Amino acid sequence: MAVLPMKKIEICAMKRDRKAILEKLQSLGMVQIETETVETDDFRKMNTTSQRAKYEKRVQNTDEALQILDKYAPEEKSIFASLEGRQEASETDIQEIIAGRRDYNRKVKQIQDINKDIAGCEAGIVKCQVAIDGLVPWLNMDIPINTTETEKTNVMIGTMPPGITETDIEGYISSAEPEMSGYTVTVIGSDKDQTCMAAIALKTVSQRVEEILRSHGFTRISYFSRRTPEQKTEKYKEDIREFEQWIEDKKKELVSMAEDRDKLRLLADYYRIRADKYQVLGSLLQSKSTFVISGYVLQRDADRIVDILNESFSLMADVYDVLDDEAAPIQLQNPKMFASAEGVLESFGLPGKGEMDPTTPMAIFYVFLFGLMLSDAAYGLIIFLACFILIKKFPKMESGLQKSLRLFMYCGISTLIWGILFGGFFGDLITVVSRTFFHHEVTFKPVWFAPLDDPMKLLLFSLLFGLIHLFGGLALKGYMCLKKGDVKAFICDVLSWFMLITGLVLMLMPTELFASIAQMQFNFPVWLKYTSYGLAILGAVIIVLMSGRDHKNPVLRLALGLYDIYNLTGWLSDLLSYSRLLALGLATGVIAQVINQMGSMAGDGIFGAIVFIIVFVIGHLFNLAINMLGAYVHTCRLQYVEFFGKFYEGGGNPFKPFRENTKYVEIVNGAETQK
């Protein structure tokens with residue numbers, strides 16, 4: 001439960017060593033380098049755009065080559081492949097890639113060229129198929145497509161609007177030229193868009209025939225070939241077969257190159273590292289002979305960084321405290337159990353300047369409330385075992401995913417405990433199975449009580465847990481005030497609200513309204529009643545008089561205090577939000593019971609057992625998934641809105657050290673890259 005202390009570091013060294021120093025810092029991954037630096041007359045930034053663009057282009061090309069290999073030569077992966085983590089690469093592997101990078105670049109180019117060839121062949125197949133489809137209406141024509149004339153006749157091959165027959169065409173001609181002869185018209189075929197026809201006429205009348213036909217929509221065919229349509233169609237089919245064979249040959253060539261996939265992944269990450277280095281290099285201030293690096297380093301690593309740099313280079317490294325008006329980046333450190341909830345916190349925001357790390361108390365409340373919302377022992381056991389097995393089986397999975405699984409593992413334990421307390425095991429599975437198939441009812445009795453039998457009791461405890469949760473947030477605000485030495489703020493902004501809310505709750509408990517809800521009567525002694533009155537009044541007075549203490553105008557101070565008292569409605573709204581604990585807890589149990597009842601409707605016997613098993617598996621998988629999602633979402637909401645709303649703002653920036661950021665491999669053994 002801590003924000004690790006941060007230090008500023010400044011390094012001044014000879015310009016000739018800048019690349020080597022950056023590579024050393026990148027391999028160590030401990031320093032966040034400031035890139036928003038201001039140039040001066042003596043120190044200016046170096047333009048590394050072209051170098052960075054060169055490496056980024058190589059990254060893009062290599063990634064594209066890998067995608068091509070994945071498309072045509074996919075790896076056989078298990079469904080849990082994403083949990084296995086990235087492949088490890090040693091310094092020797094890096095040096096091998098550096099030495100052979102030109103050969104691997106040629107392989108990348110070769111893979112891209114093959115892919116272009118395949119794309120060209122596929123486009124050729126599409127083109128041929130379109131041409132074949134266009135020739136379908138012409139297949140009955142037994143003369144070459146490019147026929148235009150004979151010794152004494154002209155041949156007009158073309159199209160007219162759809163639905164026209166030979167009789168119609170002859171009618172058009174005879175109507176225009178009743179005495180004309182020496183021509184013949186043939187409709188070859190048609191489709192919904194056109195009528196395909198051919199007209200043969202003596203050269204003496206062919207021009208007039210064509211004029212008449214054009215006046216009725218005739219257009220000469222724009223396709224030319226010395227083959228007949230049937231012959232041309234066969235030629236296209238032959239071309240398609242050749243294209244397909246070419247594609248198969250190229251695919252086999254790609255498959256044979258898939259053995260270099262791991263090397264290409266390492267090559268892509270090597271270029272990523274180079275691109276990152278040149279990006280940072282372009283942000284450094286440099287003079288003619290020196291350069292300056294400014295950034296942040298964890299206090300625990302500061303001395304080690306300085307020692308390593310001094311051992312290898314001639315430079316000056318200075319470490320000093322972060323200025324009071326400067327917001328340092330944030331790095332959290334928590335025990336493994338509580339660190340599992342850091343992802344939930346980061347989704348809201350890291351601690352701002354001067355704020356504490358609330359991960360530990362938030363994790364405790366998160367696990368507690370999640371289990372209460374799901375509250376089924378069998379579901380909790382499934383979640384716990386699934387997460388536990390995955391964590392143990394895949395120890396190299398990504399850190400963020402491992403933290404999430406670990407958090408859900410603890411949530412599964414909480415759900416198991418709440419399920420035992422409430423008597424839920426796949427709803428009422430034991431009761432239904434024993435009654436339906438064994439004709440002897442056995443029940444899974446709750447250790448505490450069954451929420452479905454006493455929902456008002458669960459509502460009461462949900463509100464109680466909610467009040468504890470809200471008071472926990474207010475207590476953390478008080479802790480932060482005392483840590484800063486602001487006793488006045490602790491009394492006026494924290495203690496006063498504790499007194500007011502506690503007093504009002506104690507005043508409510510002996511009333512008939514509370515008794516009707518809680519189904520229990522509280523009779524407080526007189527001294528406790530007056531104590532509750534005193535706490536509420538004193539808390540309200542402090543809030544009214546001191547909420548606006550920063551303002552000198554007494555009227556404004558009083559108005560602000562009265563307005564702050566109105567925040568009681570916010571407390572009531574926040575408290576009522578915890579009724580979702582009741583709603584989601586009941587929903588899990590009710591849906592589970594409905595699923596069990598549906599499964600048992602087929603009765604006993606083999607058929608009934610088969611139906612029950614099918615309904616049981618599908619139904620409870622759905623119920624687990626939907627209510628687990630609901631518990632996750634609503635637990636996060638209770639943390640973000642109700643709990644954090646009492647003390648936490650966030651807004652901190654994460655610590656992002658300059659390191660070897662890779663996509664495919666994880667570099668181990670302090671591997672360093674060099675040009």
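By the ring-centre rule used here, there are 41 aromatic pairs. Keep in mind that this is a predicted model.

**Aromatic pairs**
- Take W418 and W448: their ring centres sit 6.4 Å apart with 35 degrees between the planes, and the pair is tilted.
- These two come from distant parts of the chain, 30 residues apart, with W418 in helix α14 (residues 399-422) and W448 in the loop between α15 (429-437) and α16.
- W418 is buried, at 6% relative accessible area, while W448 is partly exposed, at 33%.
- F471 and W571 have ring centres 6.0 Å apart and planes at 65 degrees, so this pair counts as edge-to-face.
- That pair also bridges distant parts of the chain: F471 belongs to helix α16 and W571 to helix α21 (residues 568-576), 100 residues apart.
- F471 and W571 are both buried.
- Ring pairs also join F348, F365, Y640, F643, F644, F647 and Y648 into a cluster.

**Helices α12 and α16**
- The axes of α12 (residues 359-374) and α16 (residues 455-483) come within 11 Å and cross at roughly 170 degrees, so the two helices are roughly antiparallel.
- On the α12 side, P361, F365, F368, L369 and L372 meet L458, F465, I468, H469 and L476 of α16.
- Sorted by class, that contact has nine nonpolar residues, one polar and no charged ones.

**Charges over rings**
- K8 lies over the face of Y296, 5.2 Å from the ring centre.
- K393 lies over the face of F394, at 5.8 Å from the ring centre.

Technical notes. Residues are numbered from 1 along each chain as its sequence is written. This is a predicted model: local features need pLDDT of at least 70, side-chain atom pairs count only at pLDDT 80 or more; totals for chains, interfaces and linings use all residues. Side-chain values use heavy atoms; hydrogens and water are left out. Axes are lines fitted to C-alpha atoms, for helices over the stretch in contact, and angles run from 0 to 180 degrees between N-to-C directions. Helices (H or I, at least four residues) and strands (E, at least two) are DSSP runs, numbered from the N terminus. Angles under 35 degrees count as roughly parallel, over 145 as roughly antiparallel, 65 to 115 as roughly perpendicular and the rest as oblique. Contact means heavy atoms within 4.5 Å. Ala, Val, Leu, Ile, Met, Phe, Trp, Tyr, Cys and Pro count as nonpolar, Asp, Glu, Lys and Arg as charged, and the others, Gly among them, as polar. Rings of Phe, Tyr and Trp (its six-membered ring) pair if their centres lie within 6.5 Å; planes under 30 degrees apart count as stacked, over 60 as edge-to-face and the rest as tilted. Buried means under 20% relative accessible area, exposed over 50%, partly exposed in between (1.4 Å probe, protein chains only). A charge sits over a ring if NZ of Lys or CZ of Arg is within 6 Å of the ring centre and within 35 degrees of the ring normal.
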